[in-house]
Amino acid sequence: MESPFKSDVLKGKVALLTGGGSGIGFEISTQFGKHGASVAIMGRRKNVLDGAVSTLTSLGIPAIGIQGDVRKVEDAKRVVEETVRHFGKLDILVNAAAGNFLVAAEDLSPNGFKTVMDIDTVGTFTMSHEALKYLKKDTSSSSSSSSSSGGLILNISATLHYTAAWYQIHVSAAKAAIDAMTRNLALEWGTDYDIRVNGIAPGPIGDTAGMSKLLPDEIGNKTREYMPLYKLGEKWDIAMAAVYLASDAGKYINGSILPVDGGLWLSHPRHLAKEAVKKISRSVEKRSRAAPAGLPTSKL
Ligand code: COA
């Protein structure tokens, strides 16, 4: 799909994306590149990175792939430094790397829980911490101007933890913590260094590892009945939200977590058909008008 944004809205920006070689991370890498950014993508699998970089470069996007695991502090440090060495600076960090699987809480080992926390939550913190010195602008400096504003951190979380999610205790905990970090860093680093820290909370996005792992077809079709927009999202939807937040259009947005899920997190199964509501609602009103004062209508 064609982007509604001008192709230079991220011109001159350098972005580093964890998990940037596949899925949602790769779509954000691609759209950032198509809108003028240079991109460094970090991931664990060399073949995935190589394929992603060759696709990006074939689109004319300056791109490098750097192998690394967000769970390792030394990898995080090396990847951030290599990005800056290659492109000369860092403007945007996107924390998109995540791990997930469906499992009932009672069958999840503490190490399974910790593994997801380590990738999603600790990984997000570690990467942000390592990137800080390149993203920050010292707001105490008198030379401050809008052209030297601080960078952006964009954390990809989820909507699972807004209520509760079956068989997702580890991911719900991890993503809730990421959202908390988004707000805390927005406060601390926004104030001290003019860095904006925002989040995107994708709903079910078609054609991703998350979808096939968490919403197999048997469940997926049923879930669609409860979706306000009655459709799955596309990776493109998440990438456009990312472009918006990363562009100057988002310059006053800090500490926000934008759900991009068609409103799914708000929804519940429909208990009554619309026609039935009309009938029931009228008759309940009539009954309550007829009821003598003080008598509970349920007794009539
Ligand atoms: N059900 C229950 N426990 C599981 C599991 C599953 N499907 N998959 C892994 N675990 C547990 C393991 O049993 C292990 O715990 P244990 O030592 O107590 O047995 C722990 O998690 C670590 O597993 P391991 O396979 O060693 O981890 P890894 O580092 O190789 O892989 C994962 C990390 C498990 C998160 C893997 O799914 C992954 O790499 N995912 C990245 C891609 C992804 O999930 N994308 C979706 C994004 S929404």
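D69 touches M42, R44 and D75, leaving aside residues up to four places away in sequence; contact here means heavy atoms within 4.5 Å. The model is predicted: local features need pLDDT of at least 70 and side-chain atom pairs pLDDT 80 or more, while totals for chains, interfaces and linings use all residues. Residues are numbered from 1 along each chain as its sequence is written, and side-chain values use heavy atoms, without hydrogens and water.

D69 sits in the loop between strand 3 (63-67) and helix 3 (73-87); helices (H or I, at least four residues) and strands (E, at least two) are DSSP runs numbered from the N terminus. D69 counts as buried because its relative accessibility is 12%, the limit for buried being under 20% with a 1.4 Å probe and protein chains only. Its side chain reaches the backbone nitrogen of R71 at 2.9 Å.

R71 also belongs to the surroundings of the ligand. The ligand is surrounded by 14 residues, of which R44, R71, S109, N111 and K213 are the closest; a residue is included if one of its heavy atoms lies within 4 Å.

Taken alone, the ligand exposes 930 Å², and the protein buries 55% of that. Helix 4 gives the largest share of the shell around the ligand, four residues. Helix 4 has a kink of about 40°, centred on D118.

Notes. The bend at a residue is the angle between axes fitted to the seven residues ending there and the seven starting there. Buried means under 20% relative accessible area, exposed over 50%, partly exposed in between (1.4 Å probe, protein chains only). A polar contact is a pair of N or O atoms within 3.5 Å; within protein, one must be able to donate a hydrogen and the other to accept it, and residues adjacent in sequence count only if both atoms are side-chain atoms. Accessible areas come from the Shrake-Rupley method with a 1.4 Å probe; for residues, only the protein chains shown count as cover.
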